[in-house]
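The sequence and the model come first, and the description follows.

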Amino acid sequence: AVPSWVGIARLFAVLLACISFSLVASTGDFSGPYGTWCMFSWGFCFAVTLLVVLLELLELHTKLPFSWDDFTSAFSMLAALMVFTTSVVFPSTFISSPCSGGKCARQAAATAMSCLCFLAYAVEVGLTRARPGDISSFLSTVPGLLKVFEAYVACLIFSLLDSFSSAAGLQWCVAVYSLCFIVTLLIIIFTIGRCLSYVPCPLEKVLVAYNAVAMLMYLTAVVVWPLYSFKGLSRPNPCGRDCWWNKKLGVTFLTIFNFLAYLVDLVYSTKMVFI
């Protein structure tokens, strides 16, 4: 796959992630949790993508005891989401206005390279996505890619849950995020490890049922979380980067995104199984 379009997209992703990492490292301004996350995202995606390219170049991936197609599909989706998040977080956090000087130019160039890196991973996801009728690897299908998206969004939700009250409604929402994340992550891991074939039940129908339950649980969280989080409270002024209001508002939108993801997942899964 190295000289194919997929391989070319991976090589571009490796190069662009390395450039983004290097430009930000040269500025020396990446302190704090947001800077650490951005540097980790570029470094992690660079290292794993380079490893994928080397394993395919040396034809060693066929000797690995897991589904290579599922692994590469899941990772390309995860990398696209991580780099996209970084491309939004880094400029909004570290590039100030007005912006001038060599440091600002390097930060802007790193942001541009990060956006191009996201496009490279998005192209890879599009090239490796299973076509209608092709079910050779589950994680390359739309429901499989949505599983990666759902798990990633849940991780973003957890990163914003630094504090919440002991209200029963908020505890229920945290339970929803945790249970759905654990089950979705297990589905991804078992798929990559080729363990789902050992499940003694009609797996496709079980996944449809799980998607329906997860969608209903997230539907309750869509209503309950903002109701209990903002009831009787107003936005503080000023409200800085670490303001609790912004974090709870972010959790609200991410909850809606995951609800929509599980809804689309349910529709596609039902279509694949019953139609």
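## Helix packing

The axes of H3 and H5 come within 9 Å and cross at roughly 40°, with axes taken as lines fitted to C-alpha atoms, for helices over the stretch in contact, and angles running from 0 to 180 degrees between N-to-C directions. H3 is therefore oblique to H5, given that angles under 35 degrees count as roughly parallel, over 145 as roughly antiparallel, 65 to 115 as roughly perpendicular and the rest as oblique. The crossing of H3 and H5 is right-handed; a crossing is left-handed if the near helix is turned anticlockwise from the far one by less than a right angle, and right-handed if clockwise. The model is predicted, so local features need pLDDT of at least 70 and side-chain atom pairs count only at pLDDT 80 or more, while totals for chains, interfaces and linings use all residues. Residues are numbered from 1 along each chain as its sequence is written, and side-chain values use heavy atoms, with hydrogens and water left out.

H5 and H8 have axes that come within 9 Å and cross at roughly 165°, which makes H5 roughly antiparallel to H8. Their crossing is left-handed, and the contact of H5 with H8 has 17 nonpolar, four polar and four charged residues. For H6 and H7, the axes come within 9 Å and cross at roughly 150°, so these two helices are also roughly antiparallel to each other, and H6 passes H7 in a left-handed crossing.

## The largest pocket

The largest pocket holds about 1200 Å³ of space. Of the 35 residues lining it, Trp37, Thr85, Tyr152, Leu156 and Ser159 are the closest to its centre. On a 1 Å grid over the protein atoms alone, a pocket is an open set of points where a 1.4 Å probe fits, with protein on both sides within 12 Å along at least five of seven lines, and lining residues have an atom within 4 Å of a point.

At least two lining residues come from each of H2 (32–57), H3 (68–94), H5 (142–160), H6 (168–192) and H8 (244–274), and H3 supplies the largest share, 10 residues. Because domain 1 (1–132) and domain 2 (141–274) both give residues to this lining, the largest pocket lies between them. By class, the lining has 28 nonpolar, four polar and three charged residues.

## The second largest pocket

About 470 Å³ of space lies in the second largest pocket. It is lined by 19 residues, and those nearest its centre are Phe138, Leu203, Glu204, Leu207 and Met272. H6, H7 (203–229) and H8 each give two or more residues to this lining, whose classes are 10 nonpolar, six polar and three charged residues.

Definitions and conventions
Points joined across faces, edges and corners; volume = space filled by probe spheres on them. Helix = DSSP H or I, 4+ residues; strand = E, 2+ residues; numbered from the N terminus. Nonpolar A, V, L, I, M, F, W, Y, C, P; charged D, E, K, R; others polar. Domains from an automatic or database assignment.
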